[in-house]
Amino acid sequence: IVVQQYLLPDFGHEWLMLELFAERLASFKYTVSFNGKSFDIPLLKNHFVLNRMLNVLDDVPHVDILHSARRIWKRRLPACDLQSLEQLVLGEHREDDIPGALIPQIYFEFIRKREALHLRDVLEHNYHDIVNMALLTMKIALICQEPLAHLHHPQDVYSLAYFYFRNGVAEASVDLLSAYLEEHDLPGNQQISLRRLLGLGWKKMGRYEEAARQFEQLLALQCHEAEVIEAYAIILEHHLKDYARALEVVEAGLRYSETLSMLGKHLQTGADRQRLLHRRERLLRRFSSS
């Protein structure tokens, strides 16, 4: 990794720094940043405009890895700032690093006193930011290529599988979850979210028997969430034509809802309960008309 930093010695030379930056940028196919979509890129664009220069940033595709990192690690980590990811994902620890919030103050002190030594810690801080951002980008690329070789925590696997599911790639979600559950003997409470998403993935793919097996396992794990009950009941009623089992599942869901209410735990909404009641009425009408 080669780090090249641009240091502006005086505000009057900003146009020259931007020109050098634009020339350097032209030799690359992509730009990568950490939170650049919200901060760095708009700021640079504004400075190109202020200096009456052509904005070259729009010509180069940009990837902000903050968003990728959040999709993978947000559920597990306390924060997804760069230094948290360095420590908890890359295993990197900075020594005697200055807080980023102090850098503007230190830079203005350099402008006022013209003492370059003031910037030593700033350049060191920037160096670690860039190197660790590059390492994190490579880590995310490796995860995309071989998820199970680089993701080991169930919450991280769930997050990536959920991203696939939400973006219409249910097959990738199902493959990832199936392989992970087969390789790892997880406690029941850690299986629930993974099997719920796996069941929904099979359902989305039209593989109803596989989905039903996952929902049955969820019931065995004492998971009676309204989403699970309703999805399983729909499969049983409309696809597997097992009306008796569908009614049993809905009744179990309603009993669970009543138990929660008696305990003062309102984890399910009124709308959830109404949907289950409506499904029970549908099933009872089926039995009465047969």
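Arg112 and Glu109 bring their side chains together in a salt bridge, with N to O at 2.9 Å. The two are three residues apart in helix α5, which covers residues 103-113, so about one helical turn separates them. How exposed are the two partners? Arg112 counts as exposed, at 59% relative accessibility, while Glu109 is partly exposed, with a relative accessible area of 23%.

Before I go on, please keep in mind that what you see is a predicted model.

Arg282 forms a salt bridge with Glu237, and their closest N and O atoms are 2.8 Å apart. Arg282 sits in helix α14, residues 270-289, and Glu237 in helix α12, residues 226-239, which puts the partners 45 residues apart and makes this a link between distant parts of the chain. Glu237 is buried, with a relative accessible area of 0%, whereas Arg282 counts as partly exposed at 26% relative accessibility.

Let's stay with helix α14 for a moment, as Arg279 has its place there too. Is Arg279 buried or exposed? With a relative accessible area of 10%, and with under 20% as the cut-off, Arg279 is buried. And what does Arg279 touch, once we leave aside its neighbours within four places in sequence? Its contacts are Glu230, Ala233, Ile234, Glu237, His238 and Val250.

Now to another part of the chain. The side chains of Asp156 and Arg76 also meet in a salt bridge, at 2.9 Å from N to O. Asp156 lies in helix α8, residues 154-166, and Arg76 in the loop between α3 (65-73) and α4 (82-90), so this pair ties together parts that are 80 residues apart in sequence. Here Asp156 counts as buried, at 2% relative accessibility, and Arg76 is partly exposed, with a relative accessible area of 30%.

How many salt bridges does the structure hold? The count is 19. Some of them share partners, and in this way Glu86, Arg94, Asp97 and Asp129 are joined into one network.

Tyr6, Trp15, Leu16 and Leu20 make a nonpolar surface patch of about 350 Å². One of them, Trp15, lies in helix α1, residues 14-25, and is partly exposed, with a relative accessible area of 42%.

Finally, let's zoom out to the whole chain. It has 14 helices and two strands. The radius of gyration is 27 Å, well over the 19 Å that the globule rule gives for 290 residues, so the chain is more spread out than a compact globule. Along its principal axes, the C-alpha trace spans about 90 × 40 × 35 Å. Of the 290 residues, 37% are buried.

What about contacts across the sequence? Counting contacts with a separation of 6 or more, 62% are between residues 24 or more positions apart. As for the surface, the chain exposes about 17300 Å², and carbon and sulfur atoms supply 53% of that.

How values were computed: Residues are numbered from 1 along each chain as its sequence is written. This is a predicted model: local features need pLDDT of at least 70, side-chain atom pairs count only at pLDDT 80 or more; totals for chains, interfaces and linings use all residues. Side-chain values use heavy atoms; hydrogens and water are left out. A salt bridge is a side-chain nitrogen of Lys or Arg within 4 Å of a carboxyl oxygen of Asp or Glu. Helices (H or I, at least four residues) and strands (E, at least two) are DSSP runs, numbered from the N terminus. Buried means under 20% relative accessible area, exposed over 50%, partly exposed in between (1.4 Å probe, protein chains only). Patches are made of residues with over 30% relative accessible area and no salt bridge: like charges are joined within 9 Å, nonpolar side chains (Val, Leu, Ile, Met, Phe, Trp, Tyr) within 5 Å. Accessible areas come from the Shrake-Rupley method with a 1.4 Å probe; for residues, only the protein chains shown count as cover. Contact means heavy atoms within 4.5 Å. The radius of gyration is taken over C-alpha atoms; the globule rule is 2.2 Å times the number of residues to the power 0.38.
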